[in-house]
Amino acid sequence: AESGYFNVEQIVRDIREDNNNALSIGLAQAPSEDIANLFASLLPGQRTYIWQLLSDTQQNEVIPHLRSELRTSLLNDMDYQQLIHAAESMEVDDGVQ
């Protein structure tokens, strides 16, 4: 199954095999919108795994592109400092939907 930039089946295999190097390289090159679309195709545990591989900058760029329920789920798992950083980097209209 394809999700824009990603082959979801390959991503799931890489998660299962702890192939962080391949995942990190692919994520670093992917547009934020495609990472957000990938999240919609993954199970919650898989999303958390991928989320932890993203840099803070990538996380902040992906958040506005996530569906509302996914954004809420990830924000609920962030600590206070991560939330402050994410909020500071968002455009004013990103938080309004």
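**Quick questions on a predicted model**

Me: At 46% relative accessibility, what does Glu69 count as?
Reply: This is a predicted model, by the way. Buried would need a value under 20%, and exposed one over 50%. Glu69 has 46%, so it counts as partly exposed.

Me: Which residue does Glu69 meet in a salt bridge?
Reply: The count here comes to 1 salt bridge. It runs between two side chains, 2.8 Å from N to O, which is within the 4 Å cut-off.

Me: Are the rings of Phe39 and Trp51 stacked or edge-to-face?
Reply: There's 1 aromatic pair to look at. The ring centres of Phe39 and Trp51 are 5.8 Å apart, with the planes at 85°. Planes over 60 degrees apart fall in one class, so this pair is edge-to-face.

Me: How many residues apart in sequence are the parts that this pair ties together?
Reply: Both partners are buried: Phe39 has a relative accessible area of 0%, and Trp51 comes in at 7%. Phe39 sits in helix 3 and Trp51 in helix 4, so the pair links parts whose separation in sequence is 12 residues.

Me: Which residues of helix 4 make the contact with helix 1?
Reply: Helix 1 (residues 8–16) and helix 4 (residues 44–53) pack at about 80°, with their axes 11 Å apart. That makes helix 1 roughly perpendicular to helix 4. Helix 1 brings Ile11, Val12 and Ile15, while helix 4 brings Gln46, Tyr49 and Ile50.

Me: How many residues of that contact between helix 1 and helix 4 are nonpolar?
Reply: Sort the contact residues by class. There are no charged ones and 1 polar one, and the nonpolar ones number 5.

Technical notes. Residues are numbered from 1 along each chain as its sequence is written. This is a predicted model: local features need pLDDT of at least 70, side-chain atom pairs count only at pLDDT 80 or more; totals for chains, interfaces and linings use all residues. Side-chain values use heavy atoms; hydrogens and water are left out. Axes are lines fitted to C-alpha atoms, for helices over the stretch in contact, and angles run from 0 to 180 degrees between N-to-C directions. Helices (H or I, at least four residues) and strands (E, at least two) are DSSP runs, numbered from the N terminus. Angles under 35 degrees count as roughly parallel, over 145 as roughly antiparallel, 65 to 115 as roughly perpendicular and the rest as oblique. Contact means heavy atoms within 4.5 Å. Ala, Val, Leu, Ile, Met, Phe, Trp, Tyr, Cys and Pro count as nonpolar, Asp, Glu, Lys and Arg as charged, and the others, Gly among them, as polar. Rings of Phe, Tyr and Trp (its six-membered ring) pair if their centres lie within 6.5 Å; planes under 30 degrees apart count as stacked, over 60 as edge-to-face and the rest as tilted. Buried means under 20% relative accessible area, exposed over 50%, partly exposed in between (1.4 Å probe, protein chains only).
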